[in-house]
Amino acid sequence: MIIGLDVGGTHTDVVLLGEEGLIREYKVRTDPEDLFSTVLAGIEHIVEGIEPDRINRVVLSTTLTTNAIVQEKYPEVGMIVSGGPGIDPEHFRTNRHYYSITGSIDHRGREVAPVNLDEIHEIAAALKKEGIRNVGIVGKFSVRNPAHELAVYHAIKDDFGKIFLGHHVSGNLNFPRRIATTFLNTTIRPIHKKFFAAVKQSLEQKGLMIPIHLLKADGGTMSFEASLDFPGQTILSGPSASVMGAIAFASETEETLVLDIGGTTTDMAILVDRAPLLDPVGITLSQNRKRIQTLIRSLETRSIGIGGDSAVRLQDGILTVGPDREGPAMAYGGKVPTPTDAFFVLGIQKGDGLAASTAGIAPIAQALGISVEAAADRIFDEACNVILSQAGQMIDAINSKPVYTVHELQEGLQVHPKRILVLGGPAPEFADRLRTLSDFDVRAVPHWSVANAIGAALARTTCEVTLFGDTQREIVSAPEEDFSEPVNRNFSKENAVEKAFVLLRDKAVRIGADTRDLEMEVTEDLQFNMVRGFYTAGRNIRVKVQVKPGLIHGYQAIIERLLSNA
């Protein structure tokens, strides 16, 4: 059996899957101030009365790290950054304890200026005096030669706790993003470690000695132990759970728009022949009007502030829904009307909240000069029209740039989805209304209210490896993997791909992959001749390989049972 758990802004969904399909499902209201208790309550309920040895895997998606970053609720860390000539690392300052140091490596990995260890020891003393425990170290071309990052590391490693090195964080060449990504990993790691250690301890107390996997932003998973070195990859795992929850039900030959309509937001994504679109560069986060650009690989998703609990207002005769949320619907004790209140008035949602919802929408109806039912109808239409408008903007934005699926660059592809799949609590009602307001073929996915948790449960473990070869220097290296070895001048791109696949297989197994899920592929292979005078002096080779994101081995049987029981 597999447990899938998705922490949303309003509810946390938990499912228990087995060969018979969906065995149990449970929703618990998310407490953003105490996510641990939220997760624990969900897991305890879903495993009640189940023999521990029948459960062999837990997959969690979480908003914990995202919340910490956006709200800037994280501990102080130190950053030691080496830029080299032509660039000032101060332009990319991330925090108060940020030090630019001397020393540089050029674009081919050759040392231009050495590290000054006296300077490093002075910085370490200053950081210790400030009570700093964890440190990030980044050099501009460390992915070509990590010698300077390693020199700084060995000079200070006995004085600090966890130290993150930029060349371990990503194999991509982007200095500002590597600084930001290393900083995020360093600063959220204590929060991440405390949270999941507590979850693991709780599971073990119940006799559940099982692997815990975390959903990443790219739709793959990684083991809990591996995530301690890359906590940043758990950022935005919620939207990726939505995508994974829709994949099995999407068209294999057409483009599909996925909408996960929750209480706080609606997450959107596009599937091309069941393959999610990928942000090829990395996640950009917003923090107090600042944009934090990272190298954290993610699916191409967009979140908008429209959900069942979005605030409804009437100002100067204009009706608006969202983008903010001021608590739950009035039906559940909230202070402002929401689309959920409109559902109560329209009879879509049943319960004791009808009187409160009617009272909340009545002033809007009076100001518009229409009945309460008509006002509720207008609110529902407005929410749907905003979603359709924002989806159109997302599609236009995707079509304005190269389209990458998680598998490959789709040269010249323009996406024009004709079908929408809807997930989330009110999915059937939204699907019906969206269908009447548009030309889309709109459907709710089976078990729509917990489909994202199902997606998390069925996601396979993924990872990637970037390999560099320099035949003039006669070396091949994968700095993220702490790998380098000498090669001869005949080393080719084909040799590099073969070597990269070996490293990828080892890495995937190390972070928890099932060998039956190891569908590996080349996502980038570049080779440039280096010329000196009139002669070719060597070749510069860059190869990137990955385990394809997708669903785990054997998922099809589970999906068929989900469909038959829907």
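Biologist: Which residues of α10 meet which residues of α11?

Modeller: Thr358, Ile361, Ala362, Ala365 and Leu368 in α10 meet Val372, Ala375, Ala376, Arg378 and Ile379 in α11. Contact here means heavy atoms within 4.5 Å, and helices are DSSP runs (H or I, at least four residues), numbered from the N terminus. The model is predicted: local features need pLDDT of at least 70, side-chain atom pairs count only at pLDDT 80 or more, and totals for chains, interfaces and linings use all residues. Residues are numbered from 1 along each chain as its sequence is written, and side-chain values use heavy atoms, with hydrogens and water left out.

Biologist: What is the crossing angle of α10 and α11, and why is α10 called roughly perpendicular to α11?

Modeller: The axes of α10 (residues 354-368) and α11 (residues 372-399) come within 8 Å and cross at roughly 90°. Axes are lines fitted to C-alpha atoms, for helices over the stretch in contact, and angles run from 0 to 180 degrees between N-to-C directions. Angles under 35 degrees count as roughly parallel, over 145 as roughly antiparallel, 65 to 115 as roughly perpendicular and the rest as oblique. The pair is therefore roughly perpendicular.

Biologist: Why are α3 and α4 described as oblique to each other?

Modeller: The axes of α3 (residues 117-129) and α4 (residues 147-156) cross at roughly 50° and come within 10 Å. That angle therefore makes the two helices oblique. In this contact, Leu117, Ile120, His121 and Ala124 of α3 meet Ala151, Val152, Ala155 and Ile156 of α4. These residues divide into 7 nonpolar, 1 polar and no charged.

Biologist: What makes Cys384 and Cys463 count as buried?

Modeller: Buried means under 20% relative accessible area, exposed over 50%, and partly exposed in between (1.4 Å probe, protein chains only). Cys384 has 0% relative accessibility and so is buried; Cys463, at 8%, is therefore buried as well.

Biologist: How many disulfides does a search of the whole structure find?

Modeller: The search finds 0 disulfides, a disulfide being a pair of cysteine sulfur atoms within 2.5 Å.

Biologist: Why does Thr253 count as exposed?

Modeller: Its relative accessibility is 66%, so Thr253 counts as exposed. Thr253 lies in the loop between α8 (237-247) and β13 (255-261). As for α8, 11 of its 11 residues are buried, including Ser237, Met244 and Ile247.

Methods
Ala, Val, Leu, Ile, Met, Phe, Trp, Tyr, Cys and Pro count as nonpolar, Asp, Glu, Lys and Arg as charged, and the others, Gly among them, as polar.
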